[in-house]
Amino acid sequence: FSFSAIMVNPGAALVEVYKPGFFRSYKTMAVQPGSDQYLEIGIKPTAQVHQFTASSGATLQLPDGGGYQFPANSLADKITGQVYPGSVTLSAYAVHAGEAEFFSGFPGHRGFDLDKKDVFLEPYSMISTDLESNAAQSLEPAAGQLVKLIFPIAEKDLGSAPSTISMWHYDNAMGIWIEEGKAIKNG
């Protein structure tokens with residue numbers, strides 16, 4: 001696709017790609033006025049689907065070693081913030097930074113750390129997750145609820161991975177990563 005003469009935030013122009021049956025993919029780039037920029041964005045099918053009931057919670061394992069532990073009643077409607085008790089569809093995949101497709105699906109390297117400083121991320125792995133109700137409402141962890149995420153580390157990176165690492169979520173409205181806290185290496 002080609003776009004010209006469009007207004008964007010020059011520091012963080014965000015491109016979103018979506019096709020039904022695939023994960024949304026985002027890419028942020030710094031735009032230099034009056035020049036051409038090129039971008040490669042990969043999209044991945046939502047083939048890895050799990051279903052569970054939010055009021056019961058669930059422990060789910062991804063085939064590549066990633067996983068989740070959802071306590072009972074830990075999910076809420078993303079728009080209203082109301083706790084959601086019904087059927088949940090989780091689509092997810094994990095990818096290691098050393099895999100060929102990692103950077104075509106990685107949205108960008110800039111982020112704001114816990115101190116609100118602009119930083120550059122050094123990724124080890126990423127889990128892309130979509131949570132939806134049976135009515136296709138977007139869901140997220142409810143305020144004050146903790147969902148345990150298990151991120152795989154590639155075998156070749158285990159020796160060099162630090163004992164703690166920052167955890168981030170991608171804010172697709174701002175086109176930047178936001179630090180949420182720290183993860184502890186276990187194994």
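Ser 74 sits in the loop that connects strand 5 (67–70) with strand 6 (75–77); strands (E, at least two residues) are DSSP runs numbered from the N terminus. The model is predicted, and local features need pLDDT of at least 70, side-chain atom pairs count only at pLDDT 80 or more, and totals for chains, interfaces and linings use all residues. Residues are numbered from 1 along each chain as its sequence is written, and side-chain values use heavy atoms, with hydrogens and water left out.

Ser 74 is classed as buried because its relative accessibility is 0%, the term buried meaning under 20% relative accessible area with a 1.4 Å probe, protein chains only. A polar atom of the Ser 74 side chain lies 2.7 Å from the backbone oxygen of Pro 71. Setting aside residues up to four places away in sequence, Ser 74 touches Ala 54, Glu 140, Pro 141, Ala 142, Gln 145 and Val 147, where contact means heavy atoms within 4.5 Å.

Strand 5 runs antiparallel to strand 4 (residues 58–61), to which four bridges join it; two strands pair if DSSP finds at least two bridges between them. Thr 59 has Gln 69 of strand 5 as its bridge partner. Five residues separate the strands of this hairpin, in which Gly 65 adopts a positive phi near 110 degrees. Strand 5 is also joined to strand 12 (residues 148–150), by three bridges in an antiparallel arrangement, and here Gly 67 stands opposite Ile 150.

Elsewhere, Met 167 belongs to strand 13 (residues 164–171). Beyond its neighbours within four places in sequence, the contacts of Met 167 include Leu 149, Phe 151 and Ile 178.

Notes
Buried < 20%, exposed > 50% of the residue type's maximum accessible area, 1.4 Å probe, protein only. Polar contact = N/O pair within 3.5 Å; in protein donor to acceptor, adjacent residues only side chain to side chain.
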